[in-house]
Amino acid sequence: MDESPSFPESFDDPRITPQFCRRLAGDAGDLVLLGVVHDHPASIARVERVLERVGPETLALELPPVAMPLYRVYARDGDAADPTPPRFGGEMSAAIRAAPDADHVGIDAPNWSFLRRLVARLVADRVSPATARRVLSSVGGATREALACRVAATLTHATSMTVVPGEQVEYDCEPDDSPEQQAAHERSHVAGVQALLGSVETDGSALTYRDDTREHCMVERLEAIRSEPGDVVAVVGVDHLERLVTDLSA
């Protein structure tokens, strides 16, 4: 399971670098991990270019399984030959459209495995009632968002409307900017967010409990997926990338 540092460099594209793209070789096939910034033009282009090259058997997305139908609807906005990304769903719907023949799998929480593991950890760590309430409140919010996606997909199928839960993120960067401009803007954005998060103490916080458990469940799901024959591409938030690479390389 050696990481192959040559894979990102095989693209003549400044948006595809080891900071955002890793390939792990396996007995059944390769696993390519793509870190993304939600709705960013550089991330959307990275996903499209890598999927065009790899043509995976499985496309794993950092989405709850219950939200997958909505993003499939978004992906059908236009067609694979259209160079314009789908209007909604950012890099996730762009990934589905770029790999129409792959098996599309949602690997993020909430799901029963995540909930069981989270509750077991809270009990084992004997967290305070206040922390437990904050954790469960955060999970409840994520569950409501996932269910809203499911409802939106149903309404979009049943009516002529396209229902969009939540808001799209806008950047001072456009899809028609050069690859170099997009890459520079994305790197600057990530550096700013990481600097901000690094200044905040999060150990033992509700957010730490939730995200650590999410990442553990994503690792387990990816390990199960990559045990089957065929190449896999996983699209995840860039803040999860290093943890997933480390655990999946162990």
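The following legends describe close-up views of a predicted model. Local features need pLDDT of at least 70 and side-chain atom pairs count only at pLDDT 80 or more, whereas totals for chains, interfaces and linings use all residues. Residues are numbered from 1 along each chain as its sequence is written, and side-chain values use heavy atoms, with hydrogens and water left out.

**View 1. The open sheet has five strands in the order β1-β2-β5-β3-β4, with mixed pairing.** Strands are DSSP runs of E of at least two residues, helices runs of H or I of at least four, numbered from the N terminus; two strands pair if DSSP finds at least two bridges between them. The edge strands, β1 (21–24) and β4 (103–106), each pair on one side only. Strands β3 (residues 58–61) and β5 (residues 232–237) are parallel and share four bridges, and Ala 60 has Ala 234 in β5 as its bridge partner.

**View 2. A salt bridge joins Arg 49 to Asp 13 (3.0 Å, N to O).** A salt bridge is a side-chain nitrogen of Lys or Arg within 4 Å of a carboxyl oxygen of Asp or Glu. Arg 49 belongs to helix α2 (residues 41–54), and Asp 13 to the loop between α1 (6–9) and β1, 36 residues apart. Asp 13 is buried at 6% relative accessible area, while Arg 49 is partly exposed at 32%; buried means under 20%, exposed over 50%, and partly exposed in between (1.4 Å probe, protein chains only).

**View 3. Glu 215 and Arg 243 form a salt bridge (2.9 Å, N to O).** Glu 215 lies in helix α8 and Arg 243 in helix α9, 28 residues apart. Glu 215 is buried at 8% relative accessibility.
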